[in-house]
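Have the structure open as you read.

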Amino acid sequence: MGSDRPVLIPVILGTTRKGRMSAPAARLITDEINKRAGLRGELIDIAELGLRTDDVGAAVQNPELSDTLKRADALVIVAPEYNHGYPGPLKQVLDSYLKEYIHKPVGLAGVSAGSFGGTRVIQNLLPVMREVGLVTIFWDVNFSKVQDVFDDDGKLLDEAYVKRIDKFLNELVWMARTLRYGRENIPLD
Amino acid sequence: MKCRECQLEMNHHADKPVDPASAEEARGVDPALGAIVEAVHCCPECGSTESERIAPGLATHG
């Protein structure tokens, strides 16, 4: 039965910057997803997508990512805050797909070197999420002073994040299961 | 619309307003909506997603 499929949650690592501290944050969230029965987390590193700059939109879709997103039940976006906004490559990835997002929930994790933990990048992503058809949840994860959250090997130093991610995932998974049922069973007309 | 893999009838669960992608498509915009509609479908078995763009003003729309 379709409802027996694991809940698939890609975690999008939203920057290509070398030395990015968003990487251990994205790996942490992916690992927490995969600890839960009935879920399948998959880390999507946008640095590995071969992003093109000669066109925009559906013309530059990555076919494998499209297939993953089509089957996804929810998304997590891990976004560092650059100049109070989101990274350009992340926006390019977001703009390259549409039907893959409709009526699916998204959880947002902000990352910053400062104290606000990407609060501004999360706020700036909200209208984009709405427009592409993703449904936002009311839990975020804010990685503040991220350089102090993980060691040089990417190991978590502050276990409080596990509890925060637990709440975040509880809500995201509830929405994922609810909207999956809706997408599969409730017609529009 | 049938799922390409499962061949089951997919569930049409959303109509998303989108901008026309070409001048021709723009001529098909329903003036009442001010947008092209992308009808989104989901397979109840595998969960895959497909869509079709609907431009009522275009002669080829069926």
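Two strands count as paired if DSSP finds at least two bridges between them. Strands (E, at least two residues) and helices (H or I, at least four) are DSSP runs, numbered from the N terminus. This is a predicted model, where local features need pLDDT of at least 70, side-chain atom pairs count only at pLDDT 80 or more, and totals for chains, interfaces and linings use all residues. Residues are numbered from 1 along each chain as its sequence is written, with chains lettered from A and ligands numbered from 1 in the order in which they are written.

Let's begin in chain A. Strand β1(A), residues 7-13, pairs in the parallel sense with β2(A), residues 39-45, and β1(A) also runs parallel to β3(A), residues 75-80. Ile12(A) has Ile44(A) as its bridge partner in β2(A), while Leu13(A) stands opposite Val78(A) in β3(A).

Over in chain B, an open sheet of 3 strands has the order β1-β2-β3, paired antiparallel. Its edge strands, β1 and β3 of chain B, each pair on one side only. From one strand to the next the twist averages 25 degrees. Val37(B) sits opposite Ile54(B) in β3(B).

Here are the bridge counts:

| Strand pair | Sense | Bridges |
|---|---|---|
| β1(A) and β2(A) | parallel | 7 bridges |
| β1(A) and β3(A) | parallel | 3 bridges |
| β2(B) and β3(B) | antiparallel | 6 bridges |

Back to β1(A): 6 of its 7 residues are buried, so the strand is largely enclosed by the rest of the structure. Buried means that 20 or more other C-beta atoms, placed from the backbone, lie within 10 Å of the residue's own.

The angle runs from 0 to 180 degrees between N-to-C directions, using axes fitted to C-alpha atoms, for helices over the stretch in contact.

Key
Buried ≥ 20, exposed ≤ 12 C-beta atoms within 10 Å, placed from the backbone.
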